[in-house]
Amino acid sequence: MRKTTLRDVAKEAGVSVATVSYVLNNVSKQTIPEETKQRVFAAASKLNYVQNLTAKALSLGKTNVLGVLFVSSPDSRIPKPISYGAFLDRLERRCRENGYHLLVSQIDSLNPSLEIIVERKLDGVFLIDAIEQSFHSISSHLQYGSPLVLVDSLINDPLFRKVNPDLQKLFAELKVAFPGDRSYALIHEQPSNKLFHQKIQSASGLDDSLICAATKDEDKLRAFIDRHADKPLVVMNEFLALQVMKYRDPGDIIVACTSECPDFVPKQAKTIVLGRSKADVAFDLMNALLQSPFSSSEDQNIPLRMPKK
């Protein structure tokens with residue numbers, strides 16, 4: 001069966017080949033009526049037209065493919081595809097609306113396989129929970145000028161932009177929730193990124209004995225919860241909170257919804273939510289860098305707040 005070409009789509013839609021190319025490649029400099037665009041999309045769908053991304057990359061010097069790289073650890077308690085499911089869903093939608101494809105992969109924290117970056121020639125990468133030892137190896141495999149946006153990570157390198165929850169704002173909200181000398185215990189998942197872990201501890205202002213960095217060690221988590229049975233718990237992440245609730249009443253827990261899934265939390269528990277979609281903030285930052293790779297775009301700290309009743 002002969003492969004459908006741009007010329008076939010143009011004939012079906014009753015427009016020029018150039019117009020089809022402009023529409024399918026989302027060329028913003030061309031003003032094309034919405035009705036014409038819809039005819040092109042309908043014709044492409046009817047003829048099962050699939051763009052040759054490799055040829056497009058060679059001709060344009062870009063692939064329109066962005067990557068999400070999760071740093072995986074064998075000791076992670078919550079699998080990244082679960083804790084970042086809402087983030088991925090929203091990010092893929094934003095990419096699609098702006099003419100990008102999104103490729104997702106998990107990489108080993110200490111020995112990352114980097115073929116995906118080289119083979120797919122990614123235009124930009126979102127790196128989740130980056131580990132310091134492998135970060136520069138990953139960044140060095142990107143094409144020159146291709147942006148790398150770090151999410152839920154801290155790296156001592158001003159060249160790379162970061163998107164993180166505003167931890168200072170989070171713990172300021174908790175001071176309001178626990179006025180005076182009232183204390184609480186904090187549970188968060190152990191991140192791969194050590195600086196992010198240290199930032200959580202320092203921003204909280206809590207004694208180390210009141211903080212648990214949860215891993216797969218169930219006995220350690222339960223012992224911590226039992227040891228602080230007289231205190232309310234603050235848990236960072238909804239899915240971790242659901243596991244904590246096996247041992248503690250939801251009414252004694254405040255959940256910082258870092259996975260942006262507050263509807264998963266039982267109504268008895270209080271929640272703190274992100275003020276903006278993490279995916280929207282990350283995509284907007286990436287898009288700005290794609291348009292101007294060496295711009296002075298700033299790191300983004302997303303505030304957290306108690307929902308209004």
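This is a predicted model: local features need pLDDT of at least 70, side-chain atom pairs count only at pLDDT 80 or more; totals for chains, interfaces and linings use all residues.
Trainee: How many helices and strands does the protein chain have?

Mentor: Helices (H or I, at least four residues) and strands (E, at least two) are DSSP runs, numbered from the N terminus. Here the protein chain has 13 helices and 12 strands.

Trainee: What share of the residues is buried?

Mentor: A residue is buried under 20% relative accessible area, exposed over 50% and partly exposed in between, with a 1.4 Å probe and protein chains only. In this chain of 309 residues, 48% are buried.

Trainee: And what share of the contacts joins residues 24 or more positions apart?

Mentor: Contact means heavy atoms within 4.5 Å. Among contacts in the protein chain with a separation of 6 or more, 61% are between residues 24 or more positions apart.

Trainee: Now the sheet, please. In what order do the six strands of the open sheet come?

Mentor: Strands of a sheet pair through backbone hydrogen bonds, either parallel or antiparallel. Two strands count as paired if DSSP finds at least two bridges between them. In this model the order is S7-S6-S8-S9-S10-S12, and the pairing is mixed. Strand S7 (211-214) and strand S12 (304-305) are at the edges, each with a single partner strand, so one side of each has no neighbour in the sheet.

Trainee: Which residues pair up as I move in from S7?

Mentor: Strand S6 (residues 185-189) runs parallel to S7, joined by four bridges, and His 188 has Ala 213 as its bridge partner in S7. S6 also pairs with S8 in the parallel sense, over four bridges. There, the partner of His 188 in S8 is Met 236.

Trainee: Which way do the residues of strand S8 point?

Mentor: In strand S8 (residues 233-236), Leu 233 and Val 235 point one way, Val 234 and Met 236 point the other way, and all are buried. S8 is joined to S9 by four bridges and the two run parallel, with Val 235 opposite Val 255 in S9.

Trainee: Is strand S10 mostly covered or mostly uncovered?

Mentor: Strand S10 (residues 270-274) is mostly covered, as four of its five residues are buried. Four bridges link S10 with strand S9 (residues 253-257), and these two run parallel; Ala 256 has Ile 272 as its bridge partner in S10. On to S12: S10 and S12 run antiparallel with two bridges, and Val 273 is partnered by Arg 305 in S12.

Trainee: How do I read two packed helices?

Mentor: Two packed helices are described by the angle between their axes and the distance between the axes. Axes are lines fitted to C-alpha atoms, for helices over the stretch in contact, and angles run from 0 to 180 degrees between N-to-C directions. Angles under 35 degrees count as roughly parallel, over 145 as roughly antiparallel, 65 to 115 as roughly perpendicular and the rest as oblique. Helix H1 (residues 6-13) and helix H2 (residues 17-24) pack at about 100°, with axes 8 Å apart. That makes H1 roughly perpendicular to H2. Leu 6, Arg 7, Val 9 and Ala 10 of H1 make the contact with Val 17, Val 20, Ser 21 and Leu 24 of H2.

Trainee: At what angle do helices H6 and H13 cross?

Mentor: The axes of helix H6 (residues 85-97) and helix H13 (residues 278-291) cross at roughly 40° and come within 8 Å. H6 and H13 are therefore oblique to each other.

Trainee: Is Tyr 84 buried or exposed?

Mentor: Tyr 84, in the loop between helix H5 (80-83) and H6, counts as buried at 10% relative accessibility. Not counting residues up to four places away in sequence, Tyr 84 touches Phe 70, Ile 128, Asp 152 and Lys 278.

Trainee: Where does His 228 lie?

Mentor: His 228 is in the loop between helix H11 (218-227) and S8, and His 228 is buried, with a relative accessible area of 6%.

Key: Residues are numbered from 1 along each chain as its sequence is written. Side-chain values use heavy atoms; hydrogens and water are left out.
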